[in-house]
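Please look over the sequence and the coordinates first, then read on.

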Amino acid sequence: MLEQLMINPFIFRAIIGIVLASFSASTMGTFIVVRGISFLTAEVAHAALGGAALGIFLQAVGLLPNVNPFIIATIFAIGVTIITGIASREGTRKKLETAIGAAFAISMAMAVTLMGIIPSERLPEIWGYLIGDLLLLTYDDLLLLATITAIITVLTTIFLREFLYISFDIEGAEALGLNSKIYNYLMLILASLSIVVETKTVGSIIVYAFMILPAAIASQAKIDITSIMIYSLLISIFVGLIGLTFSLILNLPPSGLIGLILSGIYISVSIFKKE
Amino acid sequence: MTDEIIIENLNVKLNGRIVLENINFRLKFPRFIAIMGPNGAGKTTLLKVLTGFIKPDEGEVSVYGLNPIRDKFKLAKIVGYVPQRERIEVSIPMKVKDVVLMGLLCKRRFPRIPRRENLLRIKKVLEAVGIEELYDRIFSHLSGGEQQKVLIARALISNPRLLILDEPLTAIDVKSQWEIIEFLKKLELEEKIGILMVTHDINPVVEYVDEVLLLNRKLIAYGEISKVLTEENLRKAYGPNVRVVTSGKLCYAITGDIHA
């Protein structure tokens with residue numbers, strides 16, 4: 001098995017993909033969980049799907065032939081996040097929910113419509129964003145994922161204290177003198193980048209599980225935020241590798257298995273904690 | 001820089017609804033002043049205007065000579081703000097010392113790295129508030145009264161000249177209410193720190209506040225408590241059908257639970 005892992009480039013790239021995705025999920029996933037903004041995950045993942053469809057379409061018709069659809073997906077996802085951030089800060093709850101609903105509708109409508117126009121040989125790429133393509137990651141994908149993960153990890157480390165303060169008490173932090181608006185948008189952008197990375201690796205359907213559940217499991221231990229991040233990272237890598245291994249043995253999609261294992265752990269921990 | 005809050009012709013609309021209308025007053029500090037009014041009276045909105053969170057639609061606002069919107073970060077250096085406790089995200093696992101440290105580091109430029117003397121200062125301010133034993137405890141594990149005291153310590157750590165508190169007595173036990181009010185009065189008298197506090201329940205503070213500002217979208221009355229809490233003013237603020245009881249020189253409005 002180990003030999004197979006080492007010599008099979010698909011499996012090797014999948015392992016690297018899991019590790020990279022785990023880093024971005026553990027940093028931003030932790031803040032998404034503790035701030036209670038997990039809706040952002042579903043919204044951004046769908047926006048990434050719509051954006052990827054747009055990118056593939058623009059590439060297919062020759063308008064942006066050399067631009068990786070992943071970049072279009074990222075830009076689209078960040079745009080949606082910023083609009084949501086504005087709605088959440090300056091509007092009512094109703095306005096925020098409408099903005100999220102509209103973003104969902106636009107993203108999915110665009111993806112479905114473009115799937116009817118895009119050449120059929122490129123449709124699997126869109127399906128890759130929907131159900132994940134861990135085993136189909138290319139070295140170019142990995143380079144992009146590594147770059148984004150490095151950006152997320154470095155910036156989160158640098159601004160950890162500021163992110164912690166605005167998550168704890170955004171209003172108080174601003175009144176105390178912190179420019180919480182800037183840090184809030186920076187954090188939302190990093191979170192959306194992280195979600196796009198996850199969408200590329202595990203797919204928009206399972207991204208919710210991969211992004212939220214490791215941090216949700218770790219946060220049950222009532223430890224400080226850095227420890228939650230570290231435990232969340234270890235859980236993501238461990239479950240990711242277990243899921244990949246079982247997917248190879250059982251010939252099932254890895255992202256689905258990863259989601260199932262994480263859900264199982266989360267439910268077990270929740271029940272055990274109550275008892 | 002005068003220790004005054006001056007508001008002239010203030011009008012604020014939120015989502016198309018008038019929340020504050022033609023408000024005018026001048027508050028002189030250091031004094032202990034309570035802002036009172038029914039739910040939806042615009043009390044918290046007024047505090048948000050004073051701290052620069054909300055830009056008025058019309059009117060002039062000056063807090064200790066500063067414009068809260070234009071001079072927001074200068075204002076943060078002289079004003080300590082204690083938000084409503086329910087706005088704090090308690091699921092964030094922060095220790096008391098880190099919550100109080102936030103009061104110092106938010107005022108600094110990046111990189112916000114704590115110094116050794118800051119930790120001594122945290123211990124000192126926790127001691128002043130009477131909760132030094134909570135230094136290493138997780139904020140969310142504390143009682144409501146203890147959490148409120150931690151938030152007051154956070155606001156005090158940078159030596160403010162004015163302390164603005166939004167409903168600090170809500171959902172905490174009576175003993176903690178008294179301890180907090182007595183501590184605030186001590187700050188006013190001994191440290192000469194101005195206290196501006198929003199409260200829907202005047203009963204615990206009635207003997208401590210110097211002046212009351214009664215609000216219901218419009219300014220109903222402002223001045224000494226005995227002159228403001230009259231039957232006429234309370235009916236204007238809480239509606240003509242509110243039950244008003246008199247005790248000594250003061251009137252109290254009974255609105256479901258014991259409010260004033």
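## Report on the predicted model

P111(B) sits in the loop of chain B that runs between α3 (96-105) and α4 (116-129). The structure is a predicted model, and in it the peptide bond leading from F110(B) to P111(B) is cis, with omega near 0°. A cis bond also joins F29(B) to P30(B), with omega near 5°. P30(B) belongs to the loop between β2 (17-28) and β3 (32-36) of chain B.

Two residues have a backbone angle worth noting. Y64(B) is not a glycine, yet its phi is positive, about 50°. Y64(B) is in the loop between β4 (58-63) and α2 (72-78) of chain B. In chain A, N251(A) also has a positive phi, about 55°, although N251(A) is not a glycine. The loop between α11 and α12 (254-274) of chain A holds N251(A). As background, most residues other than glycine have a negative phi, and most peptide bonds are trans.

The confidence of the prediction can be given for chain A. The mean pLDDT of chain A is 87, and 94% of its residues score at least 70. Within chain A, helix α1 (residues 2-7) has the lowest confidence, with a mean of 63, while helix α11 (residues 225-250) has the highest, at 93. Where pLDDT is low, the predicted coordinates should not be read in detail.

The next topic is the interface of the two chains. Contacts link 27 residues of chain A to 29 residues of chain B. The two chains bury about 2700 Å² between them, and 65% of this area is on carbon and sulfur atoms. On the side of chain A, the residues that lose the most area to chain B are F168(A), E171(A) and L176(A), which together make up 33% of what that side buries.

The rule finds 5 salt bridges across the interface of chain A and chain B. E171(A) and K48(B) meet in a salt bridge through their side chains, at 3.5 Å from N to O. Polar contacts between chain A and chain B number 10 residue pairs, with both residues at pLDDT 80 or more. The elements of chain A that give two or more residues to the side touching chain B are α2 (9-35), α8 (160-175) and α11. Of these, α8(A) supplies the largest share, 12 residues. By class, this side of chain A has 14 nonpolar, 5 polar and 8 charged residues.

D141(A), in helix α7 (residues 139-158), is in contact with N68(A), L136(A) and K200(A). T74(A), in helix α4 (residues 69-90), touches L193(A) and V196(A). S219(A), in helix α10 (residues 207-219), touches V33(A) and I228(A). The side chain of S219(A) also reaches the backbone oxygen of A216(A) at 3.0 Å. From S219(A) to T84(A) the separation is 135 residues in sequence and 26 Å in space, C-alpha to C-alpha.

The table gives the accessibility of residues named above.

| Residue | Relative accessible area | Class |
|---|---|---|
| Y64(B) | 1% | buried |
| D141(A) | 9% | buried |
| T74(A) | 10% | buried |
| S219(A) | 21% | partly exposed |
| N251(A) | 70% | exposed |

Why does T74(A) count as buried? T74(A) counts as buried because its relative accessibility is 10%, and the cut-off for buried is under 20%.

Definitions and conventions:
Residues numbered from 1 in each chain as written. Chains lettered and ligands numbered in written order. Heavy atoms only, no water. pLDDT = per-residue confidence, 0-100. Helix = DSSP H or I, 4+ residues; strand = E, 2+ residues; numbered from the N terminus. Contact = heavy atoms within 4.5 Å. Buried area = accessible area lost by both parts, 1.4 Å probe. Salt bridge = Lys/Arg side-chain N within 4 Å of Asp/Glu carboxyl O. Polar contact = N/O pair within 3.5 Å; in protein donor to acceptor, adjacent residues only side chain to side chain. Nonpolar A, V, L, I, M, F, W, Y, C, P; charged D, E, K, R; others polar. Buried < 20%, exposed > 50% of the residue type's maximum accessible area, 1.4 Å probe, protein only. Lists of a residue's contacts leave out its neighbours within four places in sequence.
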